[in-house]
Amino acid sequence: MFLFSRGTRSFQQLRKMSIKGALIDLSGTLHVEDEPTPNAVEALKRLRDSGVLVKFVTNTTKDSKATLHERLCRIGFQLDPSEIYSSLSAAVSYVENEKLNPYYILSEDARQDFPPEDTRRYKDSVVIGLAPKAFNYDQLNEAFNVLLENKNHKLVAVHQGKYYKRADGLALGPGCFVKGLEFATGRTAKVIGKPNPYFFEGALAGLDPASCVMIGDDANDDIVGAMSVGIQGILVKTGKYLPDVKPSPPPTALVENFAEAVDWIIQKNHS
């Protein structure tokens, strides 16, 4: 179970706050590779101290939860692994609940989070995430043939992001490879991560969406996805933010960075 972590306020004080929980995107919002966004480390501390419940939500599929937690701690953030809810986390739950034995197109690190392969069974599905070294003809062709073997074999996309932010600029996400397998097989992928409601509902863990806010740099996956289930959305101008991408509905707030998003939340809770 993934629980929200709260700051120093009592539950009596929390009941008076209009925003009780914050879902925080990681890559592009809290950090870009090994660099925090401006004043993000201090801002996270202020958000916790204000009493807002915190959970870190990410479509990152290249890194396991352990690797992701180690990186965030190394660059200065304070958090517990249980506070991280990723599309990998949701995909692992989906594979286990559906009792699948997939062919994986994942990074070696991300693969560690999933159940081991059952060699006594045929592969009955394909799970695909961000795996730059695996996006080659041979592996994609093997996935293609797994899906063709049986019409009931499932294509599971950990997410289908178009692109993501690296230190050297924007880079292709797994979305184009998911779409390629859909096109070649005639299947429709089961998408697990943002902006799927399945992901946000899992991240909320029963908390009222109207009392929560999503902070992210992706206009569609973070903001439109969250707002579609009743969560307020704060779009930051860091990471993959592009000024000519206009989400519909528009975000609840548009700010420069994560630190300004925290300012917005604290001001709203004191108004």
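## Accessibility and the Lys154–Glu98 pair

A residue counts as buried under 20% relative accessible area and as exposed over 50%, and it is called partly exposed in between. By that cut-off Glu98, with a relative accessible area of 37%, is partly exposed, and Lys154, at 30%, is likewise partly exposed. The model discussed here is a predicted one.

Glu98 and Lys154 form a salt bridge in which the closest N and O atoms are 2.9 Å apart. This pair links distant parts of the chain, since Glu98 belongs to helix 4 (residues 87–98) and Lys154 to strand 8 (residues 154–157), 56 residues apart.

The structure holds 17 salt bridges, and one of them joins the side chains of Lys194 and Asp25, with 2.9 Å from N to O.

Are the two partners buried or exposed? Lys194 has a relative accessible area of 2% and is therefore buried, and Asp25, with a relative accessibility of 4%, counts as buried as well.

## A network of charged side chains

Another salt bridge is formed by the side chains of Asp63 and Arg71, at 4.0 Å from N to O. Asp63 is buried, with a relative accessibility of 13%, whereas Arg71 has 22% and counts as partly exposed.

Asp63 and Arg71 also belong to one network, in which salt bridges that share partners join them with Asp34, Glu70 and Arg74.

## Aromatic pairs

A search of the whole structure for aromatic pairs finds five. Among them are the rings of Tyr94 and Tyr198, which have their centres 6.3 Å apart and their planes at 85°, so that this pair is edge-to-face. Because Tyr94 lies in helix 4 and Tyr198 in helix 8, the pair ties together parts that are 104 residues apart in sequence. Tyr94 is buried, its relative accessible area being 9%, but Tyr198, with 28%, is partly exposed.

Phe135 and Phe177 form an aromatic pair of the stacked kind, with 3.8 Å from centre to centre and 15° between the planes. Phe135 is found in the loop between strand 7 (125–128) and helix 6 (137–149), and Phe177 in helix 7 (residues 175–185), so that the pair links distant parts of the chain, 42 residues apart. For Phe135 the relative accessibility is 17%, and the residue therefore counts as buried.

## A ring cluster and charges over rings

Which residues do ring pairs link into a cluster? The cluster consists of Tyr85, Phe199 and Phe200. The ring of Tyr85 has a further contact, as the charged end of Lys55 sits over this ring at 5.7 Å from its centre.

A charged residue is likewise placed over Tyr198, where Lys190 lies over the face of the ring, at 5.2 Å from the ring centre. Tyr198 thus takes part both in the edge-to-face pair with Tyr94 and in the contact with Lys190.

Definitions and conventions:
Residues are numbered from 1 along each chain as its sequence is written. This is a predicted model: local features need pLDDT of at least 70, side-chain atom pairs count only at pLDDT 80 or more; totals for chains, interfaces and linings use all residues. Side-chain values use heavy atoms; hydrogens and water are left out. Buried means under 20% relative accessible area, exposed over 50%, partly exposed in between (1.4 Å probe, protein chains only). Helices (H or I, at least four residues) and strands (E, at least two) are DSSP runs, numbered from the N terminus. Rings of Phe, Tyr and Trp (its six-membered ring) pair if their centres lie within 6.5 Å; planes under 30 degrees apart count as stacked, over 60 as edge-to-face and the rest as tilted. A charge sits over a ring if NZ of Lys or CZ of Arg is within 6 Å of the ring centre and within 35 degrees of the ring normal.
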